[in-house]
Amino acid sequence: MSKSLSKNGFTLIEVLCSLGVFSIIFICMMSFDKASINMKKDIKNINNDVLIMEAIKNNIIYSMTFKELEQLETSKNLFINKENMNFDKIKTNVIEVFSDHTSTQNSYIELSLIKDELNVYKLNLLLHSGKTNKREELQCNFYKGCHE
């Protein structure tokens with residue numbers, strides 16, 4: 001008597017191999033998804049920082065007088081700390097957000113001024129953001145003159 005031994009199902013080895021391949025593909029997809037979420041968060045933070053720098057620049061150009069800018073330079077109030085990097089505070093009175101010291105642990109903005117002989121300031125806003133071991137810097141240069 002010859003019996004025919006037919007295999008109509010999957011063996012345990014085949015099932016384990018297919019589960020292994022599926023898990024490797026799933027782990028790769030999850031790592032790409034996590035990287036994508038981190039990139040979106042970083043882009044959102046950078047975009048927010050750029051908007052804050054733009055708001056400060058516009059308020060200095062259009063709202064601040066030349067004499068107020070000279071007062072900032074003489075009083076050495078050249079830093080904006082993290083707690084003052086707020087659109088509401090910047091819009092109400094941009095001079096009030098500047099201080100003479102900063103905390104290097106958090107994000108801050110540094111303003112540097114160079115005055116030439118024609119009563120024109122070259123201003124440089126430098127935003128230091130991120131953690132202390134991974135510092136990122138954004139820079140914005142613009143001019144403000146005395147046009148009286």
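Me: Patches are made of residues with over 30% relative accessible area and no salt bridge, and like charges are joined within 9 Å. Which residues form a positive surface patch?

Reply: The model is a predicted one. Lys and Arg count as positive. The residues that form the positive surface patch are K34, K41, K131 and K134.

Me: Is K134 buried or exposed?

Reply: K134 sits in the loop between β3 (120–129) and β4 (136–145). The cut-off for exposed is over 50% relative accessible area. K134 has a relative accessible area of 56%, so the residue is exposed.

Me: Which residues make the nonpolar surface patch of about 560 Å²?

Reply: For nonpolar side chains, the joining distance in a patch is within 5 Å. L19, a residue of helix α1, belongs to this patch. The residues that make the patch are F10, L12, V15, L16 and L19.

Me: What is the relative accessible area of L19?

Reply: L19 lies in helix α1. Partly exposed covers the range between buried, under 20%, and exposed, over 50%. L19 is partly exposed because its relative accessible area is 47%.

Me: How many salt bridges are there?

Reply: A pair counts when a side-chain nitrogen of Lys or Arg is within 4 Å of a carboxyl oxygen of Asp or Glu. K57 and E54 meet this rule at 3.4 Å, N to O. E70 and K115 meet it with their closest N and O atoms 2.8 Å apart. The count of salt bridges is two.

Me: What separates K57 and E54 within helix α1?

Reply: The side chains of K57 and E54 meet in a salt bridge. Both residues belong to helix α1 (residues 12–62), where they are three residues apart. The separation is therefore about one helical turn.

Me: How many residues apart in sequence are the parts tied together by E70 and K115?

Reply: E70 and K115 form a salt bridge, with 2.8 Å between the closest N and O atoms. E70 is in helix α2 (residues 66–75) and K115 in strand β2 (residues 108–115), so the pair ties together parts whose separation in sequence is 45 residues.

Me: Which element gives the largest share of the largest nonpolar core?

Reply: The largest nonpolar core has 25 residues, of which I60, F98 and I109 touch the most other members. Two or more residues come from each of α1, α2, β2, β3 and β4. The largest share is five residues, and the element that gives them is α1.

Me: What distance separates the C-alpha atoms of D49 and L138?

Reply: D49 is in helix α1. D49 counts as buried, because its relative accessibility is 12%. Along the chain, D49 and L138 are 89 residues apart, while the distance between their C-alpha atoms is 8.2 Å.

Me: What distance separates the C-alpha atoms of N45 and S129?

Reply: N45 also has its place in helix α1. With a relative accessible area of 42%, N45 is partly exposed. N45 and S129 are 84 residues apart along the chain, and the separation of their C-alpha atoms is 9.4 Å.

Me: How many residues apart along the chain are L126 and S112?

Reply: L126 belongs to strand β3. L126 is buried, at a relative accessible area of 17%. The C-alpha atoms of L126 and S112 are separated by 8.2 Å, and along the chain the two residues are apart by 14 residues.

Me: Where does K76 lie?

Reply: K76 is a residue other than glycine with a positive phi, near 60°. K76 is exposed, with a relative accessible area of 54%. Its place is the loop between α2 and β1 (79–81).

Me: What is the phi of N119?

Reply: N119 is in the loop between β2 and β3. At 32% relative accessibility, N119 counts as partly exposed. N119 is not a glycine, yet its phi is positive, at about 60°.

Definitions and conventions
Residues are numbered from 1 along each chain as its sequence is written. This is a predicted model: local features need pLDDT of at least 70, side-chain atom pairs count only at pLDDT 80 or more; totals for chains, interfaces and linings use all residues. Side-chain values use heavy atoms; hydrogens and water are left out. Helices (H or I, at least four residues) and strands (E, at least two) are DSSP runs, numbered from the N terminus. Accessible areas come from the Shrake-Rupley method with a 1.4 Å probe; for residues, only the protein chains shown count as cover. The place of a charge is taken as NZ of Lys, CZ of Arg, CG of Asp or CD of Glu. Buried means under 20% relative accessible area, exposed over 50%, partly exposed in between (1.4 Å probe, protein chains only). A nonpolar core is a set of buried Ala, Val, Leu, Ile, Met, Phe, Trp, Tyr and Cys residues joined through side-chain atoms within 4.5 Å.
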